[in-house]
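Reader: I would like to learn how to read the packing of helices and the surroundings of a ligand. Could we go through a case together?

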Amino acid sequence: METLTTTAALRERVRAQRAQGKRIAFVPTMGNLHAGHLQLVRHAKTMAECVVVSIFVNPMQFGPNEDFASYPRTRDADKAVLQDEAADLLFMPDVQEIYAGGDVGRVTRVEVPGFEGDLCGQFRPGFFTGIATVVTGLFNRVQPDCAVFGEKDYQQLVMIKRMVRDLCMPIEVHGVATMREADGLAMSSRNGYLDTAQRARAVRLYQVLCEVKAGLEAGRRYVDVLEQQAMGHLAAAGFNPDYVSIREQDSLKVPNPQATQLIVLAAARLGTTRLIDNVKISIA
Ligand code: PAF
């Protein structure tokens, strides 16, 4: 695996792979890789002969009071696991390389309508625009045939699919199911912030979402009631919930009564750590 830090070097290596007739799959990450990320790399390997992984902690998607400075940066360990997974190219640019001159505040932004102000967008202003902007820049650098994202960040996945469609980017976007710890907690780099007591309680987030799923599957259709009950259960378990919301799976719209493919999404804080998760629901 070769590690590249400049767009010029990356483009040259990708061009050489293409010249050999290889398809290019891309896995964008912010590093601190865990088994969930490795699952994305493995999926990418089934899609293409050349897998490019990027590690870039994107300042544009962090709010002023969020954890950009403390976000775990584990470059050497990340490189070692990607080497083991036999990724082909690792792109590790710095901020200057991604945002011309390093001036994050003055670069062109990409905003996908409907995401700022809804669900996570309501609690993290600028978050989705930061993601859409950096992913567009990364896509333009790598020019992959396909890109792989985790379903844990479900709103991100839906937004990227929409962006690719709206801007006619010639890239297939694949979602990969969330990897969970043995107790059910969704794997996340931010789980490392939890202390022992918080870690023991954290699984309740997944359990509460599964309870909502069970309620819907049992025929309970009062979405608002289910959401409010779930918020109450999270609060009782020591969380400070931002939202629990039942939506249509593909569009993330508030469900109409006929919808059968649903998803329940939640974000909740344990202490200062904000966790997100979601569970898909299929009702007859
Ligand atoms: O999911 C992530 O890790 C990030 O949001 C992404 C897609 C790498 C963009 O910074």
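Predicted model: local features only at pLDDT ≥ 70, side-chain atom pairs only at ≥ 80, totals over all residues.

Reader: What is the angle between H1 and H6, and how far apart are their axes?

Author: Two packed helices are described by the angle between their axes and by the distance between those axes. Here H1, covering residues 7-19, and H6, covering residues 127-142, pack at about 50°, and their axes are 8 Å apart. On the side of H1 the contact is made by Thr7, Leu10, Arg11 and Val14, while H6 contributes Asn140, Arg141 and Val142. Sorted by class, this contact of H1 with H6 has three nonpolar, two polar and two charged residues.

Reader: Which residues are around the ligand, and which elements each supply at least two residues of that shell?

Author: The residues around the ligand are Pro28, Thr29, Met30, Asn58, Gln61, Ile131, Val134, Phe149, Asp153 and Gln156. Strand E2 (24-29) and H6 each supply at least two residues of this shell, which divides into five nonpolar, four polar and one charged. Looking at individual atoms, a polar side-chain atom of Gln61 lies 2.7 Å from an oxygen atom of the ligand, and an N or O atom in the side chain of Gln156 is 2.6 Å from a ligand oxygen atom. On its own the ligand has 290 Å² of accessible area, of which the protein covers 89%.

Reader: Where does His34 lie, and which residues does His34 touch, not counting those up to four places away in sequence?

Author: His34 lies in the loop between E2 and helix H2 (35-47). Leaving out residues up to four places away in sequence, His34 touches Met187, Ser188 and Ser189.

Terms used:
Residues numbered from 1 in each chain as written. Heavy atoms only, no water. Axes fitted to C-alpha atoms, helices over the stretch in contact; angles between N-to-C directions. Helix = DSSP H or I, 4+ residues; strand = E, 2+ residues; numbered from the N terminus. Contact = heavy atoms within 4.5 Å. Nonpolar A, V, L, I, M, F, W, Y, C, P; charged D, E, K, R; others polar. Near = heavy atom within 4 Å. Polar contact = N/O pair within 3.5 Å; in protein donor to acceptor, adjacent residues only side chain to side chain. Areas by Shrake-Rupley, 256 points an atom, 1.4 Å probe, with all protein chains shown as cover.
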